[in-house]
Amino acid sequence: MAEEAKGDRKVGLVYDDRMCKHFNTDGEHHPENPDRVRTIWNALQSAGVSQRCVMLNAKEAEDEFIELVHSKNHIKLVHSIGSLRTDSQRRKIESKFNSIYLNEGSTEAAYLAAGSVLAAAQTVASGELESAFAIVRPPGHHAEKNEPMGFCLYNNVAIAASFLLEKRPELGVKKILIVDWDVHHGNGTQKMFWKDSRVLFFSVHRHEFGSFYPANDDGNFDMVGEGPGAGYNINVPWENGRCGDSDYLAVWDHILLPVARDYNPDLIIVSAGFDAAVGDPLGGCRLTPYGYSVLLAKLLDLADGKIVMALEGGYNLKSTASSVLSCVKVLLERKPIAGSIEAYPFESTWRVIKAVRRQLCQFWPTLADDLPTNLTSSAAGLVAKAWSSDSGSENDESVETPLQQNISQLDHEDILVPLSNLTLNGNHPEKLPSVSTAWRSELSKVEVWYAAFGSNMYKPRFLCYIKGGQVEGMKRACYGSVDCSSPKEVLWKAVPHRLFFGRESTITWGPGGVAFLNPQSSSEDSTHVCLYRITLEQFNDVLFQENCLKPATVESPLVSLDDFDYIIKNKSIFVERLQGGWYHTVLHLGQESGIPILTMTCSTSDVESFKAGRHPVRPPPKEYTNVLVRGLVEGKQLSEEEAVAIIQDAASRPL
């Protein structure tokens with residue numbers, strides 16, 4: 001420890017500029033960059049907050065402690081990165097993993113990040129400090145036992161938790177609550193404690209039915225743990241973006257806090273990602289610094305206030321720094337910063353809360369109680385009453401971005417509704433009003449052929465994306481397009497691309513693979529596609545829904561006119577906003593009657609992941625297969641026997 005804290009509560013801080021040696025070397029800006037921690041540190045210093053804390057020295061974690069959660073091969077890999085002679089050698093390694101970059105400083109930074117969180121946890125567990133915040137990078141919660149991914153090399157939080165449980169029993173930490181409020185699911189942490197009741201893992205994250213990064217079903221609400229760990233894994237999967245303070249507070253009050261009180265942890269570790277903050281370029285949610293401060297203040301009532309926070313994501317520098325500053329103030333003063341909340345939660349938030357409670361009430365009887373018909377801590381007045389402040393000066397820490405300004409201009413009475421007005425049963429999604437946008441009028445004048453190669457070959461299924469609803473075999477309804485006009489024409493065509501099936505399951509069809517088209521063409525391949533003549537506006541709405549987004553609430557297209565021109569010239573485009581989705585690549589397959597043919601599929605790198613086994617290749621489920629067959633048969637392309645044979649061949653033939 002470098003110096004004694006000056007605040008009323010003893011709060012530790014860990015920061016070391018050596019973690020800035022880890023950076024992307026390809027010359028392109030990367031969201032996970034050294035400025036993330038530098039900006040946080042500068043904000044804490046400028047506000048005089050760091051001076052009120054106890055500074056802890058960062059140190060590298062020892063391999064024997066990392067081995068508690070990671071394999072020896074994984075440790076050997078991370079350890080070797082810094083000793084490689086060239087960037088090309090490191091790029092060869094990073095190409096094998098999902099969303100990872102490496103440079104000569106990566107090894108040291110990874111060991112420092114893991115060691116810093118471990119040191120902070122040990123100091124709080126021993127009682128030397130009441131709480132601590134580790135400002136570290138690279139982040140950790142995506143890193144799995146034998147695989148770095150999602151910007152993460154070592155799972156910092158899991159290492160620290162396992163160290164306390166396995167190596168320091170004399171500290172008396174027998175039960176740990178890990179709260180992961182990063183906007184992405186903490187898949188690595190979940191797997192490491194999947195069968196362990198000594199850790200209650202809670203993650204609230206954008207999921208969007210498995211389409212948001214890390215783009216699988218691990219973060220769904222039915223993933224509750226196994227064996228001794230059954231019921232000790234809690235996922236709250238947002239169905240949509242734009243979730244904010246009121247949504248998160250509703251989850252705290254109706255899921256996390258009731259369970260956590262019953263669990264009675266000895267220590268809390270927060271996987272503190274701030275990419276759910278307003279204005280984050282990857283998160284798309286809208287938590288404010290005040291919202292974060294209230295969430296944290298509520299946690300301080302547990303575990304005698306013993307909380308260790310470890311930085312995970314957060315890629316809007318100003319928003320992240322302001323949010324971290326608000327959290328450190330809470331740790332010091334044990335109360336939220338000044339602020340208020342003026343919106344009700346989304347209807348989808350209450351639907352998710354109800355689903356989670358129903359799934360977990362067998363393990364936690366407190367969740368079996370009926371939900372109240374009135375909001376308990378989501379309306380502005382009730383929150384302000386529960387968390388009052390004598391000073392309004394700290395409200396200057398809030399950040400308003402263009403996203404927040406756009407949201408504030410919408411009519412909250414229309415898009416956000418109180419619990420008492422909701423119908424939480426039934427299969428139909430809520431109808432949100434269309435956001436007034438100029439792009440729809442512009443794109444409605446452009447015609448395209450949409451080439452369907454999966455279940456959309458069956459016209460009634462495709463019309464669900466245009467008019468809303470669902471057909472037999474589907475487990476959820478579609479929202480429909482803003483323009484629900486039927487296609488002007490329907491044609492069939494064969495294209496020189498490989499059809500295959502992959503992924504574990506989908507929310508629409510259940511366990512089994514779904515169709516993908518290899519984005520690379522080949523003269524040896526041929527796939528039937530059904531062409532629907534629709535507008536570019538409708539194509540965007542189909543693309544939204546294929547990636548589990550709601551067309552009526554989106555303020556800009558995924559494929560603009562400029563993007564459309566680019567696709568025609570370059571044959572394909574990767575849609576950045578859908579980087580966590582499954583159908584994020586739009587292909588140009590030629591023309592028919594002078595009108596461009598477009599389809600949507602995965603990227604070439606995804607195909608390589610399927611080949612390497614990082615994404616599972618699986619045959620389609622029965623209901624999905626039935627719809628594919630009906631499309632091919634009713635489109636007069638094949639007999640039923642021929643259609644079944646083609647699908648079986650596509651599902652069984654190696655990539």
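Modeller: Strands here are DSSP runs of E, at least two residues long, and helices are runs of H or I, at least four long; both are numbered from the N terminus. The model is predicted.

Biologist: Where does E208 lie?

Modeller: Look at two strands. β5 covers 199–206 and β6 covers 233–238. E208 sits in the loop between β5 and β6.

Biologist: What phi does E208 have?

Modeller: Most residues other than glycine have a negative phi. E208 is not a glycine, yet its phi is positive, at about 50°.

Biologist: Which residue does a cis peptide bond join to P214?

Modeller: Stay in that part of the chain. P214 is also placed in the loop between β5 and β6. Omega is near 10° for the cis bond, which runs to P214 from Y213.

Biologist: What is omega for the bond that joins R137 and P138?

Modeller: Most peptide bonds are trans. P138 lies in the loop between β3 (131–134) and α6 (156–167). The bond joining R137 and P138 is cis, with omega of about 5°.

Biologist: Are α8 and α9 roughly parallel or roughly antiparallel?

Modeller: Helix α8 spans residues 245–263, and helix α9 spans residues 289–299. Their axes come within 9 Å and cross at roughly 15°. Angles under 35 degrees count as roughly parallel. That makes α8 and α9 roughly parallel.

Biologist: Is the crossing of α8 and α11 left-handed or right-handed?

Modeller: Helix α11 covers residues 347–360, and its axis comes within 10 Å of that of α8, crossing at roughly 25°. The two helices are therefore roughly parallel. Their crossing is right-handed.

Biologist: Which residues of α11 meet α8?

Modeller: Start with the classes. The contact holds 6 nonpolar, 2 polar and 2 charged residues. On the α8 side are D247, A250, V251, H254 and I255; on the α11 side are T349, W350, I353, V356 and R357.

Biologist: How many charged residues are in the contact of α20 with α21?

Modeller: α20 gives T625, L628, V629, L632 and V633, and α21 gives E640, A643, V644 and I647. The contact has 7 nonpolar residues and 1 polar, and the charged count is 1.

Biologist: How much space lies in the largest cavity?

Modeller: The whole structure was searched. It has 5 cavities of 30 Å³ or more. The space in the largest is about 400 Å³.

Biologist: Which lining residues are closest to the centre of the largest cavity?

Modeller: α16 (459–467), β14 (514–521) and α17 (536–546) each supply at least two lining residues. By class, the lining has 17 nonpolar, 9 polar and 3 charged residues. Of the 29 residues in that lining, the closest to the centre are R461, Y465, T508, E546 and Y583.

Methods:
Residues are numbered from 1 along each chain as its sequence is written. This is a predicted model: local features need pLDDT of at least 70, side-chain atom pairs count only at pLDDT 80 or more; totals for chains, interfaces and linings use all residues. Side-chain values use heavy atoms; hydrogens and water are left out. Contact means heavy atoms within 4.5 Å. Ala, Val, Leu, Ile, Met, Phe, Trp, Tyr, Cys and Pro count as nonpolar, Asp, Glu, Lys and Arg as charged, and the others, Gly among them, as polar. On a 1 Å grid over the protein atoms alone, a cavity is a set of points where a 1.4 Å probe fits but cannot get out, and a pocket is an open set with protein on both sides within 12 Å along at least five of seven lines; lining residues have an atom within 4 Å of a point. Grid points are joined across faces, edges and corners, and a volume is the space filled by probe spheres set on the points. Axes are lines fitted to C-alpha atoms, for helices over the stretch in contact, and angles run from 0 to 180 degrees between N-to-C directions. Angles under 35 degrees count as roughly parallel, over 145 as roughly antiparallel, 65 to 115 as roughly perpendicular and the rest as oblique. A crossing is left-handed if the near helix is turned anticlockwise from the far one by less than a right angle, and right-handed if clockwise.
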